[in-house]
Amino acid sequence: MVRGPGCRGRSDSLVVCEVDPELKEILRKFRFRKETNNAAIIMKVDKDRQMVVLEDEFQNVSPEELKLELPERQPSLLYTRFVVYSYKYVHDDGRVSYPLCFIFSSPVGCKPEQQMMYAGSKNRLVQIAELTKVFEIRTTDDLTETWLKEKLAFFR
């Protein structure tokens, strides 16, 4: 296996890509944002640089709108993405919180090489972003407000 300058092998098959320094700063600022709207950062692995990079940012985006922004299929190619989502969550008792959720979108059928790069880089990215609410979806259809609320209910 050939590895680029941004990746390190942790075993014979697992490749861990570094996180782009610019993305680290974007994640830091996102973590401390003051806005009270739903917002998201979508990240991908740049295969040429073998580094996790920013793909897009969204403001005022619902889970249903966000799923439309995730590339699920393009002529016979499936795409994996990382998402950090700031969600306005209204608890059963009326309290409002703004949890940061890490969503790993890994559609069934992705190329094994791509799955390994993303799986190997996921934990590193979660550490850098200092996130504890980590979820995985296998199809973008799973990303709904109901699904997200069910996941967040475990974190009262």
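**Exercise 1.** Work out how much accessible surface the protein chain has, and what share belongs to carbon and sulfur atoms.

*Solution.* Start with the method: Shrake-Rupley with a 1.4 Å probe, where for residues only the protein chains shown count as cover. The total is about 8,700 Å². Carbon and sulfur atoms hold 49% of that.

A word on the model: it's predicted, so local features need pLDDT of at least 70 and side-chain atom pairs 80 or more, while totals for chains, interfaces and linings use all residues. Numbering runs from 1 along each chain as its sequence is written, and side-chain values use heavy atoms, leaving out hydrogens and water.

**Exercise 2.** Check the span of helix α3 and find where it kinks.

*Solution.* Helices here are DSSP runs of H or I, at least four residues, and strands are E runs of at least two, numbered from the N terminus. The expected span is 1.5 Å times one less than the number of residues.

**Exercise 3.** Classify the ring pair of Phe82 and Tyr118.

*Solution.* Rings of Phe, Tyr and Trp (its six-membered ring) pair with centres within 6.5 Å; planes under 30 degrees apart are stacked, over 60 edge-to-face, the rest tilted. The structure holds six such pairs. Phe82 and Tyr118 sit 4.9 Å centre to centre with 45 degrees between planes, hence tilted. Phe82 lies in strand β7 and Tyr118 in α3, 36 residues apart.

Terms used. The bend at a residue is the angle between axes fitted to the seven residues ending there and the seven starting there.
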